[in-house]
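I opened a new notebook page for this structure. The entries below record what I looked up.

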Amino acid sequence: MRIFLLIATNMAILLVASIVMSLLGVNTSTMGGLLVFASIFGFGGAFLSLAISKWMAKKTMGCEVITTPRDNTERWLVETVARQADKAGIKMPEVAIYQSEELNAFATGPSKDNALVAVSSGLLYGMSQDEIEGVLAHEVSHVANGDMVTLTLIQGVVNTFVIFAARVVAGIINNFVASNDEEGEGLGMFAYMGVVFVLDMLFGILASMIVAYFSRIREFKADEGAAQLAGKEKMIAALERLRQGPATGAMPAQMSALGINGKKSMSELMMSHPPLEKRIAALRAS
């Protein structure tokens, strides 16, 4: 189901971007037209994903939005988010639970006043109330800081760079091959697309590092905000507990970027979250 939704979403993005290009009469054979093409696909995809982020989160993660609390735990969860949202000066987010053994939570949504805060069942029933309060404050801080929109803008910029740069470099290579070819035919359609594909991959890795860098900065900021909303010791306790919890991995990348705990990576350059040790040290030093 998750894979189907992701494929369907990407197909919808491509369809909408293609229609917009057709209506604008974009000519990708010119540098200006290519930049417009890259911007439409780069920013269009990022902002469409943001617009449907709450819907996607509910569908892909199986989130159950709490409309009427079923027990004291759910009632406390909703009341805590409401109290923190009011303190942060934002509209009350939707509060949801998704089934997973991992200790994690995330925030998503198209704006500060139209957001979703979701926690895993493993976190809700496996952490103390003080620790959960720290986690919730972290997610509410993400919403209050406008991190969903900030990361979308950054993603749009790097997407545009990847699409534009890959085709410009491929065009240079194609012209170079053509100038050294007696018939002057260049790479040919399939070879050119192959070069574009490889360059998309290479530039995409660089772009991922840039997005991950800004994401790590936002995590430190969200930790600082959580310390103000819930108290430094509660936030530190939450991070300490996360170090002992089950490894993360059930959450798709779209949601994990604004989660309390990110996925492991061979290099910190590719991590959306700083190591927990660094986050704890930063809070203790603040």
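**Ground rules.** I am working with a predicted model, in which local features need pLDDT of at least 70 and side-chain atom pairs count only at pLDDT 80 or more, while totals for chains, interfaces and linings use all residues. Residues are numbered from 1 along each chain as its sequence is written, and side-chain values use heavy atoms, with hydrogens and water left out.

**Strands.** I took helices (H or I, at least four residues) and strands (E, at least two) as DSSP runs, numbered from the N terminus. I counted two strands as paired if DSSP finds at least two bridges between them. I looked up strand 4 (residues 114–120) and found 6 of its 7 residues buried; buried means under 20% relative accessible area, exposed over 50%, and partly exposed in between, with a 1.4 Å probe and protein chains only. Strand 2 (residues 94–98) runs parallel to strand 4, with 5 bridges joining them. Ile-97 has Val-119 of strand 4 as its bridge partner. Strand 3 (residues 105–111) pairs with strand 4 over 5 bridges in the antiparallel sense, and a hairpin of 2 residues connects strand 3 to strand 4. I noted Phe-106 opposite Ala-118 in strand 4.

**Cores.** I used "nonpolar core" for a set of buried Ala, Val, Leu, Ile, Met, Phe, Trp, Tyr and Cys residues joined through side-chain atoms within 4.5 Å. The largest has 39 residues, and Leu-77, Val-119 and Leu-123 have the most contacts inside it. Helix 6 (residues 129–144) gives this core its largest share, 7 residues. A second, separate core has 12 residues, including Ile-154 and Phe-203. I then listed what Leu-123 contacts (heavy atoms within 4.5 Å). Neighbours within four places in sequence aside, Leu-123 is in contact with Glu-102, Leu-103, Asn-104, Ala-105, Ile-132 and Val-135.

**Thr-160.** I found Thr-160 in helix 7 (residues 147–179). Is Thr-160 buried or exposed? Thr-160 counts as buried because its relative accessibility is 9%. Not counting residues up to four places away in sequence, Thr-160 touches Leu-35, Ala-38, Ser-39, Gly-42 and Phe-43.

**Phe-197.** I placed Phe-197 in helix 8 (residues 189–230). Phe-197 is classed as exposed because its relative accessible area is 54%.
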